[in-house]
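Subject: Structure handover

Hello,

Please find the structure below, followed by notes on what was found in it.

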Amino acid sequence: MDTQDLITRSENQIDNFKKNNEIILKDNINQEIIKTKNSFSKEIWDEELSLEVEKEVEKKLTALNNSIDLNPTSIYFTLKAETALNPDISEEELKLAAYNFLSLKTKNKLMKKILKEKISKLTKGGNK
């Protein structure tokens, strides 16, 4: 697999990650909206308010997805440098290097949290 194929594959995986997380978040948000809606009277929670809430949720999810700033090209070349400096590097060490690089470079708080959890699991010996 050449570099461009690897980068394209990584970009596709990032897009899939964003789509999957948007679905999960939207489902969780919708469950919370239903709970909240049930605590209001029908006069307060009307169709107009429902549409406003839905538009705001969409706006926030779009902003979240746009703020996920993963760059497959920079990750690829960082890991390539790691393997050049240490040809005997293990897959786990390479994963850890990738997560560390991403956690330092991303400005997205959600991504930082996810990456810190991954780093913590890898450094404790668990790889999930």
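The classes used here are buried for under 20% relative accessible area, exposed for over 50%, and partly exposed in between, with a 1.4 Å probe and protein chains only. Accessible areas come from the Shrake-Rupley method with that 1.4 Å probe, and for residues only the protein chains shown count as cover.

This is a predicted model, in which local features need pLDDT of at least 70 and side-chain atom pairs count only at pLDDT 80 or more, while totals for chains, interfaces and linings use all residues. Residues are numbered from 1 along each chain as its sequence is written, and side-chain values use heavy atoms, with hydrogens and water left out.

Salt bridges

E58 pairs with K26 in a salt bridge, at 2.1 Å from N to O. A salt bridge here is a side-chain nitrogen of Lys or Arg within 4 Å of a carboxyl oxygen of Asp or Glu. This pair links distant parts of the chain, with K26 in helix 1 and E58 in helix 2, 32 residues apart. K26 is also partly exposed, at 28% relative accessibility.

The structure holds six salt bridges. Another of them joins K60 to E56, with the closest N and O atoms 3.8 Å apart. Both residues lie in helix 2, four residues apart, which is about one turn of the helix. K60 counts as exposed at 52% relative accessibility, and E56 as partly exposed at 34%. A network of salt bridges links E56, K59 and K60.

In helix 4 (residues 91-105), K95 and E92 are three residues apart, so about one helical turn separates them. They form a salt bridge, and their closest N and O atoms are 3.8 Å apart. K95 is partly exposed with a relative accessible area of 30%, and E92 is partly exposed with 32%.

Overall fold

The secondary structure comes to five helices and zero strands, and the pattern along the sequence is α-α-α-α-α. The radius of gyration is 20 Å, well over the 14 Å that the globule rule gives for 128 residues, so the chain is more spread out than a compact globule. That radius is taken over C-alpha atoms, and the globule rule is 2.2 Å times the number of residues to the power 0.38. Helices (H or I, at least four residues) and strands (E, at least two) are DSSP runs, numbered from the N terminus.

Along the principal axes, the C-alpha atoms fill a box of roughly 65 × 35 × 20 Å. Of the 128 residues, 20% count as buried.

Loops and surface charge

D46 is found in the loop between helix 1 (3-38) and helix 2 (47-67). D46 is partly exposed, with a relative accessible area of 34%. On the surface, D46 gathers with E47, E48 and E54 in a patch of negative charge. Patches are made of residues with over 30% relative accessible area and no salt bridge, with like charges joined within 9 Å and nonpolar side chains (Val, Leu, Ile, Met, Phe, Trp, Tyr) within 5 Å. Lys and Arg count as positive and Asp and Glu as negative, while His and the chain ends are not counted. The place of a charge is taken as NZ of Lys, CZ of Arg, CG of Asp or CD of Glu.

N71 is found in the loop between helix 2 and helix 3 (72-85), and counts as partly exposed at 39% relative accessibility.

Regards
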